Amino acid sequence: MAKSSNGGAFSPPKNTNDVLKLMKDEDIKIVDFRFLDFIGMWQHFSTPSHELDNESFEDGLGFDGSSIRGWQSIHASDMLVIPDPQTARIDPFTNIATLAVICDIVDPITREPYSRDPRNIAKKAISYLQSTGIADTAYFGPELEFFILDDVRYDQTANTGYYFVDSVEGIWNSGTDEGPNLGYKPRHKEGYFPTPPTDSYQDLRSEMVIEMENLGIAIEAHHHEVSTAGQAEIDMRFAPLVEMGDNMAWYKYVCKNVAKKYGKTVTFMPKVIFEDNGSGMHVHQSLWKKGKPLFAGNSYAGMSDLAMNYIGGILKHAKAICAFSNPTTNSYRRLVPGFEAPVNLAYSARNRSAAVRIPMYSPNPKAKRLEIRFPDPAANGYLTFSAMLMAGLDGIENKIDPGDPLDKDIYSLAPEELEGIPLVPGSFEEALDALKNDHEFLTKGDTFTDDVIETWIDYKYENEINPVKLRPVPYEFMLYFDV
């Protein structure tokens, strides 16, 4: 349920008539049309409310697709947004009464869904799942971690490059004259789970939770995370794949805007603080058919054979999945062997050092699920969830054996015991190379087209990998200036 601006409760709209009634009831002045770009940033444009009518939901509205990263060329720039009425929500952060609606992207000539629209890819992944007869629903529940900061500055020029982040919670501020400094700053790796006043963001996270629930996003829990400097986590209740992609876009929007209201800033960048934990995004997932869970059974840890094959598919294609689930050069400053991030491609019950974990909180068959632990919150949710689903389905279709579980503490194993355990990619470049060599599982059902995969790889090389390669970083001066 979500709340209207006048405090009354309303059910999310089911059709265009519901949307138009909501606009009238709430005296909506502006309609905001939103879509996730190829890379994962929410984009939008707005019109006066009188511009939205029944025809808008069929005819769509035009925009310049050449100005969106990784999309159209200038000579074929015209695109259409088609609003999805079931996604309409009142924006809680605008001063002018504004209705936000998530849109699908179509070609104005052919009227075909746009192949590079991440939401379209997610829809095609579900269509392919249903076409196999294996299941009809894929549930996803990501746990996004993020930092709440007080100050961030960064720049890169020909002769200088630096970044600076600060948090009133940062342990490095224990000696700062704050007039007065009250202490209570979490030490490195000790931010999980102290009560206030050490956890200084209880109310801020609670407000984020309330705003999300008012938008119809069910929340299970929130807490301070391991790192100093305001690392946080809010856990959404699982939802079907496309809906969870929508929810993840709202999640980031809410966190950033609540923080801004209090003079704070939020980042989902995976590795922000040196010598402390990065931000991950553990992704819970399960398959259901006709209202019944398919992952419960009599195999290892109470899982079904189907679920074990799904794990096999995830482990087989994990390096290619990383090209979407860990989609930045910064992602691989978190995924470093020998530290806490789960870089070893193994599975286990309960063991959080494995890349794939089987949570054992409840014996209820409906609670049986997998937790994929290597992704991070820089990911585009639609693409990441779709890639994992397609990998798991490939495992089921080809009955891929995941091998033996690893129930030991991976971090305490001797080097000779680790030799046979594969690792996630060591760099973004390695992940993209893995995707280049292993993507047939993604193209089934035309889910990820060859054009999508090629464009993703080319864009990331040209706009991220190569520019980072060209620039010296501050620590290199520490290492090499006096050579």
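Helices here are DSSP runs of H or I with at least four residues, strands are DSSP runs of E with at least two, and both are numbered from the N terminus. Good morning, colleagues. The model that I present is predicted, so that local features need pLDDT of at least 70 and side-chain atom pairs count only at pLDDT 80 or more, while totals for chains, interfaces and linings use all residues. Residues are numbered from 1 along each chain as its sequence is written, and side-chain values use heavy atoms, with hydrogens and water left out.

I begin with helix α5, which holds Tyr 253. Leaving aside residues up to four places away in sequence, Tyr 253 touches Arg 34, Trp 42, Asp 91 and Phe 93; contact means heavy atoms within 4.5 Å. Tyr 253 and Phe 93 are 160 residues apart along the chain, and their C-alpha atoms are separated by 9.7 Å.

Next, the helix partners of α5. Two packed helices are described by the angle between their axes and the distance between the axes. The axes are lines fitted to C-alpha atoms, for helices over the stretch in contact, and the angles run from 0 to 180 degrees between N-to-C directions.

The axes of α3 and α5 cross at roughly 155° and come within 9 Å. That makes α3 roughly antiparallel to α5, on a scale where angles under 35 degrees count as roughly parallel, over 145 as roughly antiparallel, 65 to 115 as roughly perpendicular and the rest as oblique. From α3 the contact takes Arg 119, Ala 122, Lys 123 and Ile 126, and from α5 it takes Leu 241, Val 242 and Asp 246. By class, this contact of α3 with α5 has four nonpolar, no polar and three charged residues. In this scheme Ala, Val, Leu, Ile, Met, Phe, Trp, Tyr, Cys and Pro count as nonpolar, Asp, Glu, Lys and Arg as charged, and the others, Gly among them, as polar.

How do α4 and α5 cross, left-handed or right-handed? The crossing is right-handed. A crossing is called left-handed if the near helix is turned anticlockwise from the far one by less than a right angle, and right-handed if clockwise. Helix α4, residues 202–214, has an axis that comes within 9 Å of that of α5, at a crossing angle of roughly 135°; the two helices are therefore oblique to each other. Leu 204, Glu 207, Met 208, Glu 211 and Met 212 of α4 meet α5 residues Tyr 251, Val 254, Cys 255, Val 258, Ala 259 and Lys 261.

A pocket is defined on a 1 Å grid over the protein atoms alone, as an open set of points where a 1.4 Å probe fits, with protein on both sides within 12 Å along at least five of seven lines; lining residues have an atom within 4 Å of a point. The second largest pocket has a volume of about 370 Å³, a volume being the space filled by probe spheres set on the points, with grid points joined across faces, edges and corners. Its lining has 18 residues, and those nearest the centre are Gln 86, Thr 87, Arg 89, Glu 243 and Asp 246. By class, the lining has eight nonpolar, four polar and six charged residues.

I close with the backbone. A cis peptide bond joins Gly 179 and Pro 180, with omega about 0°, and another joins Tyr 192 and Phe 193, with omega about 5°. Pro 180 is found in the loop between β11 and α4, and Phe 193 has its place in the loop between β11 and α4. Arg 111 is not a glycine, yet it has a positive phi of about 65°; Arg 111 is found in the loop between β8 and α3.
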